[in-house]
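Hi,

Here is the structure I promised to pass on.

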Amino acid sequence: MSLDALMAIPNLINKIGDVKLRSQLLDALGSTIEVAGQNRELTEENAELKRLLLLEQSLSFENNFYWRECGPDGEVDGPYCSACWDGEQRLIRLHRYNGRFFGCPVCGVVRTKDGEPVMHGTSEKFRRSSRDAIRPAGARRLGADQ
Ligand SMILES: [Zn+2]
């Protein structure tokens, strides 16, 4: 029974003349609605956990990068940021930087093509240059040139 169908029951219960029976039914209905809400939350949580499990099963870890298997013949997509996946289970595609590095636009991790870490001091610089890279040609940053 859906939550909406449960919410229509009080109108039926109010037609019952026995006050004690009406009170017991309303209490039981309240408990049922509470359990239905918990069931909905758990169902949504379970679906999210299944999605994460399938995603995790499709990942492989190589040279400090994650790669996602995405085709029937073993095609892979990536690389993805290991820091973001391991820390927050967020699959973040790494961006090419200067043709020699891969950097994460979210956490700022920068690695060589072989997966070796680059000095952390470049992380903020990468995030800034990554944002600049996606700005359309000719577009100006707000507040610039003023
Ligand atoms: Zn990251």
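Which residue in β3 is the bridge partner of Phe65? The partner is Cys81.

Before the rest, two notes on the model. It is predicted, so local features need pLDDT of at least 70 and side-chain atom pairs count only at pLDDT 80 or more, while totals for chains, interfaces and linings use all residues. Residue numbers start from 1 along each chain, as its sequence is written.

Strands are DSSP runs (E, at least two residues), as helices are (H or I, at least four), and the numbering goes from the N terminus. Two strands pair if DSSP finds at least two bridges between them.

Now the sheet that holds Phe65. Its three strands follow the order β1-β2-β3, and the sheet is open with antiparallel pairing. On the edges are β1 (59–62) and β3 (76–81), each of which pairs on one side only. From one strand to the next the twist averages 30 degrees (axes are lines fitted to C-alpha atoms, for helices over the stretch in contact, and angles between N-to-C directions run from 0 to 180 degrees). Four bridges link β2 (residues 65–69) with β3 in the antiparallel sense.

There is also an open, antiparallel sheet of three strands in the order β4-β5-β6. Here β4 (95–97) and β6 (110–112) are the edge strands, pairing on one side only, and the twist averages 35 degrees from one strand to the next. Strand β5 (residues 101–103) runs antiparallel to β6 and is joined to β6 by three bridges. Within that pairing, Gly103 has Val110 of β6 as its bridge partner.

Enjoy exploring it!

Best wishes
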